[in-house]
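Trainee: Before I rely on the labels attached to this chain, I would like to see each one set against its definition. Could we go through them together?

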Amino acid sequence: MQEGTTDQRGRSHPPQCNTSRDDMQFVRMKVTDRSVTSRTVAQHIESVTHDSESARTIRRRLQQNGLSAKRPLLGLPLTQNHRRLRHQWCYERRM
């Protein structure tokens with residue numbers, strides 16, 4: 001049997017580096033600007049506090065607070081001309 005307090009026991013995860021105040025700053029940034037990405041939040045936090053937070057950590061903290069970080073689009077949105085040509089192509093080939 002081990003003697004001592006529970007603080008001396010090993011952890012299955014590393015201790016949390018950011019505080020609840022940092023978490024609230026993430027949430028505040030996300031609520032004020034819904035289009036901000038987690039990478040942008042990480043860069044802003046690093047420029048202000050000089051502490052590095054990964055984008056993954058920020059996504060995790062936002063998820064714990066019931067928010068989601070915006071992920072950038074993988075493709076470009078279609079222009080009006082592309083939409084028109086696509087619709088025309090579909091219309092010609094329908095049964």
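**Labels and their cut-offs**

Mentor: The protein chain has four helices and zero strands as its secondary structure, where helices (H or I, at least four residues) and strands (E, at least two) are DSSP runs numbered from the N terminus. This is a predicted model, in which local features need pLDDT of at least 70, side-chain atom pairs count only at pLDDT 80 or more, and totals for chains, interfaces and linings use all residues. Residues are numbered from 1 along each chain as its sequence is written, and side-chain values use heavy atoms, with hydrogens and water left out.

Trainee: In what order do the elements of the protein chain run from the N terminus on?

Mentor: They run α-α-α-α.

Trainee: How do you know that the span of helix H1 agrees with its 13 residues?

Mentor: The expected span of a helix is 1.5 Å times one less than its number of residues. For H1 (residues 20–32) that should be 18 Å, and the end C-alpha atoms are 18 Å apart, which agrees. The 12 residues of H2 should span 16 Å by the same 1.5 Å a residue, and the end C-alpha atoms of H2 are 16 Å apart, so the two values agree there.

Trainee: Why are the buried residues of H2 said to line one face of the helix?

Mentor: The buried residues in H2 are Ser38, Val41, Ala42 and Ile45. Seen down the axis of H2, they fall within an arc of 100°, so they line one face. Arg39 and Gln43 are exposed on the other side of H2, and what covers the buried residues of H2 includes H1 and H3.

Trainee: Why is arginine 56 called partly exposed?

Mentor: Arginine 56, which has its place in helix H3, has a relative accessible area of 40%, and is therefore partly exposed.

Trainee: Why are H2 and H3 called roughly perpendicular to each other?

Mentor: The axes of H2 (residues 38–49) and H3 (residues 55–64) come within 8 Å and cross at roughly 110°. Angles under 35 degrees count as roughly parallel, over 145 as roughly antiparallel, 65 to 115 as roughly perpendicular and the rest as oblique, and H2 and H3 are therefore roughly perpendicular to each other. Ser38, Arg39, Val41 and Ala42 of H2 make the contact with Ala55, Ile58 and Arg59 of H3, contact meaning heavy atoms within 4.5 Å.

Trainee: What makes H1 roughly perpendicular to H3?

Mentor: The axes of H1 and H3 come within 10 Å and cross at roughly 85°, and that makes H1 roughly perpendicular to H3. Here Asp23, Phe26, Val27 and Lys30 in H1 meet Ile58, Arg61 and Leu62 in H3.

Key. Axes fitted to C-alpha atoms, helices over the stretch in contact; angles between N-to-C directions. Buried < 20%, exposed > 50% of the residue type's maximum accessible area, 1.4 Å probe, protein only. Arc of directions from axis to C-beta.
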